[in-house]
Every structure is written in C-alpha cells, then in structure tokens.
Amino acid sequence: MSISGASNNSSSSSSSKAPAVFLACEHFTYVDAPHYLKCVICTDVMKLPVSLSCGHSFCAECCQKALDRKKECPYCRKEVTHAPHPNISLCQALDEQLVHCRFGPLRADCSYGGPVFGLDKQGCSHVHRRGEAPTHEKECPFGWVVCNLHDPQTDEKCKVLCRKNELAEHQRQCEYRMVACPNEGCDEQVCVCALERHKEVCLLESVKCPNEGCPEYYLRKATRGHQEACPFRVVLCAFHKYGCTEKGNVTAMEEHLKQGCNEHLLLLCSALEFQQHRAAQDRRVTCPKRKFKCIINNFEQLAKKQVIDVDLDSSWKLKIWPNGEDKRHKGYVSIRLFSREASATFKVEGPYTLRILNQFSQEKSIVKITEAISREWADSVRGWGFPAFAKVEEVLDPASGFVKDNKLIVEVEVVVQSVVEIVEYSEE
C-alpha cells in the first residue's frame, strides 16, 4: 500500500527510516502486560517509569503533571520532598514484555497520539520483546519509507510514503522514475513527470507545420529547412521595402506579383526619385565648411569690365562688379557669392564671410560677415553678398595695399548648415 499526501509538507528523510509518527511514539501494543506495570494515573502501561520516595511508580510525564499541581504522591498522598527517579527494574521488566510489531495491523486499543496514515490490515504480525523492537523495526519489511526518486533537472523529489516491501512496486509506477525518450534516435533519460516537458524541446520530436494549410510533419531539428521550402509559409511581397504591404503564402504572392506590376512600378519610381533627392542632399552637405582664396591677376585692367566672373569650384561661384552692380551702387565694388546647388526646389542655409585682403596689413582687410546666424540662400539669381562692399577709389589706391603687383585677393568662407527641399503645391 502506498500513502501520498501525508508527507508532502515534511522534509525529506532517509529511505531507511520510518515516518516520524512511529519514531516519536512510545506506545506499544502489549500481548498481556501485568497489572503492576500499569500507571494508576493514565491506567495504561507505564512509559518511562519513575518512582517517588514513598515507593509508588508512575509514567514520568503523568508524575510530573501531578507534582506540578501538588507536591504529594498521587496514590498515597504523602508529601514528596525529593524529585522522582527512574525505576531501572521496571524499565527492564517492560523491555521483557511481549509486544506486537508497530508496523502491524491497526488495533482498536492502539492510540498513536498522532496522524494515522490510513494503515491497512495487511501489516506485520510479528511478536517480540519490547527491548528487541528497534532491531526488528529496522529490518521489518512492513516499515514505512519515503520513495525519494527525483527529477535530475529540477532536483524535485517524490515524497510518497510506502511500506518497504511495496517500495519496488511503487517505484516501477512512480512518476519520478527514469524512462527513455520515445523518439527514435534520442538517447535522453528523463523522469515520467518531465517527459512532456522534454518533448517540447526534443529535436527528434515529430511536429506539425504551423503554416495554415500545410499537412506536413517533420522532426523539430528540420524546422528551418522545412520553413524555407514550405509553399504555405507566409512571406512579404518582394517590393515591401518600397512600400507594398501585401503578405501571404508563396502561391498567393506569386499571383500578387503577376497582377501588381503597375503598382510595383509606381512604387519603384517613387523610391528612385526619393533616393535621388537624398543623394543630392548628401552631396550638398558632404563638405559643409568651405574656404576659398581667390587671386585676381591684372585687376586694374579687369576693373574696366562690367563684371568679373570667378568659378570657385563645382558648387560655388563668385561675382565681382568693380564699379557697382547697378546705378545705385556706382562708385562701389559689389561682391556676391552664388551657390550652384540652390534652385527653385532647394534652399541652402548657413553663414558666410567675404574679405578683400589688405596685402600690407591683414588687420586692415575689409571684412563683411552675415549678421544673422544663418542665411537662406534660395535666391540663385542675385546671389548673396554686398552691393556696396568697398569704395572703388579706396580699393584702387596703390597706397591702401588692396591691389599689389596688379593683384586683388578676395577670401571667401562659407558654412552650409542644412539643405532644405522646397515643395510647392497649388490647388486648381
């Protein structure tokens, strides 16, 4: 007979020990105990007999309780002046009495003073002297033991109580017994209670394809290969990175690609246009800070021209009007900076500096800096600069130091902070 549930909350014990209720219990079922071995207080056979100075003997516990109430013998009422002492002769006499094995059938006169684990009637029928009880109970096949089989992964133990002679039968059925994984080729040994948990991760377990409509079964280790080839797997449209949101199984996607040519072509054109705009913006800010030193040779002869046009690089151009860009600024040198990148669809933002270098003393150079932190350069026709940069007579005066050896030096410094795309919309 197996008993479960009674010891689930108790600590695990050695398989060679009986349950704690039997070890703690001092009650024996005597075959025929004589009257003088019985306690007059509890009327049962004495347990740990002690004697008083008057000669009367009782159970140690019964005697102590009586003396706590009153210091007199519970039988003859004589005053007790000395503490009770163990009665060795009675202890020896008790050890010689015949008793039934405590792992025997439950008897009506047996009171263990603790929980009874539903003992059945098939118990030990052995009769022995009480002094031989420890030796017999250690070897008794009807003694109670804990199964103690365990799950090696969690170290959780079986706490079922059963008789020693039933232990082997219980362990053949115990949910903590070790069994081989039923999947062919798997050498894992797992306990029965963990078998389902093992199957959830076993690479040799046969699993059904999760794709809707696919009837295939395959080993878990072949999942990746099957999913890559399964015609029922859900895939995204090949043009999803261009904005198509369709998804479905492989067959459905093939049909979608056939019917959606026009939509996909429009998506590609839109993506290409966007990438071109991004590439143009990236080129504009690749080198945001530029410095130029423009040396104009034969300036005295070029000053007679209406405008001097200087290409700084592929992105920037400088224009100088030696005698003003219009009638209002006649008598002044006008200088403007042009961005080849600025157009009707883009505007460039950033500060810039224009400087006519004084070749005698740089501290006397004429410098013009944009007053605002940033400047929007969307005007690609007029450019950006100063129509009255410096007086012509001052620049041409040989003593001023701006023209030396018939050379004029203009320095340009520009910082591109951002390139903004301009989109115009007008409703018809």
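This is a predicted model: local features need pLDDT of at least 70, side-chain atom pairs count only at pLDDT 80 or more; totals for chains, interfaces and linings use all residues.
**Exercise 1. Work out the strand order of the open three-stranded sheet, and find what packs on it.**

*Solution.* Two strands pair if DSSP finds at least two bridges between them.

- Step 1: The order is β3-β2-β4, and the pairing is antiparallel.
- Step 2: At the edges are β3 (57-59) and β4 (85-86), each pairing on one side only.
- Step 3: Two bridges connect β2 (residues 49-51) with β4 in the antiparallel sense. One to look up is Val-50, whose bridge partner in β4 is Pro-86.
- Step 4: Helix α2 (residues 60-69) packs on this sheet and touches β2 and β3. The direction of α2 makes about 100° with that of β3. Axes are lines fitted to C-alpha atoms, for helices over the stretch in contact (heavy atoms within 4.5 Å); angles run from 0 to 180 degrees between N-to-C directions.

**Exercise 2. Now trace the open four-stranded sheet.**

*Solution.* 

- Step 1: Its strands follow the order β16-β17-β18-β22, with antiparallel pairing.
- Step 2: β16 and β22 are the edge strands, as each pairs on one side only.
- Step 3: From one strand to the next, the twist averages 15°.
- Step 4: β16 and β17 run antiparallel and are joined by four bridges. Ile-308 has Ile-320 as its bridge partner in β17.

**Exercise 3. Which residues have the most contacts inside the largest nonpolar core?**

*Solution.* A nonpolar core is a set of buried Ala, Val, Leu, Ile, Met, Phe, Trp, Tyr and Cys residues joined through side-chain atoms within 4.5 Å.

- Step 1: The largest core has 30 residues, and Leu-312, Leu-318 and Leu-408 have the most contacts inside it.
- Step 2: Elements that each supply at least two of its residues include β15 (289-297), β17 (316-321), β18 (332-339), α11 (392-396) and β24.
- Step 3: Beyond its neighbours within four places in sequence, Leu-408 touches several residues, among them Cys-294, Ile-296, Phe-299 and Phe-402. Cys-294 counts as buried, at 7% relative accessibility.
- Step 4: Another core, of 21 residues, lies apart from this one and includes Phe-28, Leu-90, Leu-94 and Val-99.

**Exercise 4. How many disulfides does the structure hold?**

*Solution.* 

- Step 1: A disulfide is a pair of cysteine sulfur atoms within 2.5 Å.
- Step 2: The structure holds zero disulfides.
- Step 3: For Cys-237, the closest cysteine sulfur is in Cys-244, and 3.6 Å is too far for a bond. Cys-237 is buried, at 1% relative accessibility.

**Exercise 5. How many salt bridges does the structure hold?** Compare some of the pairs.

*Solution.* A salt bridge is a side-chain nitrogen of Lys or Arg within 4 Å of a carboxyl oxygen of Asp or Glu.

- Step 1: There are 15 salt bridges in the structure.
- Step 2: Arg-102 and Glu-137 form one of them, at 2.8 Å from N to O. This pair links distant parts of the chain, 35 residues apart: Arg-102 is in the loop between β5 (98-100) and β6 (127-129), and Glu-137 is in helix α4 (residues 133-139). Arg-102 is buried at 10% relative accessibility, and Glu-137 is buried at 13%.
- Step 3: Glu-228 and Arg-224 form another, with their closest N and O atoms 3.4 Å apart. Both lie in helix α7 (residues 223-229), four residues apart, about one turn of the helix, and both are exposed.

Definitions and conventions. Residues are numbered from 1 along each chain as its sequence is written. Side-chain values use heavy atoms; hydrogens and water are left out. Buried means under 20% relative accessible area, exposed over 50%, partly exposed in between (1.4 Å probe, protein chains only).
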